[in-house]
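Subject: A structure for you to look at

Hi,

Here is the structure I promised to pass on. Have a look at it first, and then read my notes below.

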Amino acid sequence: MSQADSNDQTPVFQLKGSMLAITVLELAQNDLERLDQQLALKVEQAPDFFNNTPLVLALDKLSADAAPDLPALIALCRKHGLRTLALRTGDPQVLEAASGLDIPVLPPSGARERKLDITKAAAEAPKPAEPVYRPTRVVTTPIRGGQQVYAQGGDLIVLAAVSPGAELLADGNIHVYGPLRGRALAGIKGDANARIFCQQLAAEMVSIAGQYKVAEDLRRDPLWAEAVQMKLSGDVLNITRL
């Protein structure tokens with residue numbers, strides 16, 4: 001069997017069952033105007049809940065002569081942030097309209113469903129984690145050769161000269177208010193928006209989010225020995241005058 005034949009027989013998908021929590025909007029009356037008003041009130045109570053919420057429209061409690069305008073109903077739900085995934089109905093008229101809109105139809109449910117308290121659900125939604133604040137690290141003494149200074153989770157400010165063989169590391173920006181003669185690596189955890197500032201560029205190496213230039217490259221720059229800032233533009237480390 002050839003490699004191509006083997007690849008053709010390799011499954012490219014799997015079908016899996018899942019117990020997903022889907023919101024059901026059970027329509028008791030065919031009154032789109034009142035539905036619009038009442039949904040608007042619910043959105044005011046819990047705006048985060050009505051944010052691209054997947055929805056099953058249950059129409060099986062409506063009387064046979066109260067079939068809704070299905071496109072208008074779906075558009076109304078979408079207006080309030082509810083995305084209709086499927087319908088639940090046995091009404092032939094609604095089934096025909098659903099087929100024309102290519103919307104799946106579920107059979108009437110015999111499962112017990114509980115009324116959803118939207119205000120409570122919104123209050124119980126997990127809050128985003130608070131960012132960990134790490135103050136800027138400030139160094140006031142010269143950084144000697146062989147020394148390494150790291151500002152974890154923030155910026156590094158050096159108010160003195162950085163000697164050859166010294167190394168500055170920061171998760172954020174690096175500021176050197178003096179000659180930078182050692183190595184400076186900013187955004188070491190991948191922050192491409194980090195920058196390096198120095199009063200005199202004489203570095204052995206500079207790096208931002210893994211993109212770097214060594215002394216051989218830096219000496220060819222017209223701003224060598226000048227006050228500069230360094231930042232990324234795509235994958236290119238640019239040097240501009242301060």
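The protein has six helices and 15 strands; helices (H or I, at least four residues) and strands (E, at least two) are DSSP runs, numbered from the N terminus. Before you go further: this is a predicted model, where local features need pLDDT of at least 70 and side-chain atom pairs count only at pLDDT 80 or more, while totals for chains, interfaces and linings use all residues. Residues are numbered from 1 along each chain as its sequence is written, and side-chain values use heavy atoms, with hydrogens and water left out.

The overall picture

Of the 242 residues, 35% count as buried. Buried means under 20% relative accessible area, exposed means over 50%, and partly exposed is in between (1.4 Å probe, protein chains only). The protein exposes about 15400 Å², and 51% of that comes from carbon and sulfur atoms; the areas are from the Shrake-Rupley method with a 1.4 Å probe, and for residues only the protein chains shown count as cover. If you take the contacts (heavy atoms within 4.5 Å) between residues at least 6 apart in sequence, 37% of them join residues at least 24 apart.

How the helices meet

Start with H2 (residues 32-45) and H3, whose axes come within 10 Å and cross at roughly 10°. Axes here are lines fitted to C-alpha atoms, for helices over the stretch in contact, and angles run from 0 to 180 degrees between N-to-C directions. On the H2 side, the contact uses Leu32, Leu35 and Asp36, and on the H3 side Ala72, Leu73, Leu76 and Lys79. That makes five nonpolar, no polar and two charged residues. For these classes, Ala, Val, Leu, Ile, Met, Phe, Trp, Tyr, Cys and Pro count as nonpolar, Asp, Glu, Lys and Arg as charged, and the others, Gly among them, as polar.

H3 (residues 70-79) also meets H4 (residues 92-101): their axes come within 10 Å and cross at roughly 65°. Here Leu70, Pro71 and Ile74 of H3 touch Val94, Ala97, Ala98 and Leu101 of H4. This contact has seven nonpolar residues, with no polar and no charged ones.

Some single residues

Ala67 sits in the loop between strand E2 (53-58) and H3. Its C-alpha atom is 7.8 Å from that of Asp91, 24 residues apart along the chain. Neighbours within four places aside, Ala67 contacts Asn30, Asp91, Gln93 and Val94.

Where is Ser207 found? Ser207 belongs to strand E12 (residues 205-208), and Ser207 is buried, at 7% relative accessible area. Not counting residues up to four places away in sequence, Ser207 touches Ala184, Leu185, Ala186, Ile196, Tyr212 and Leu237.

Lastly, a look at phi. Most residues other than glycine have a negative phi. Asp102, in the loop between H4 and strand E4 (105-106), has a positive phi near 60°, and Asp102 is exposed at 69%. Ala225 has a positive phi too, about 75°; Ala225 lies in the loop between helix H6 (215-219) and strand E14 (228-233) and is partly exposed at 37%.

Cheers
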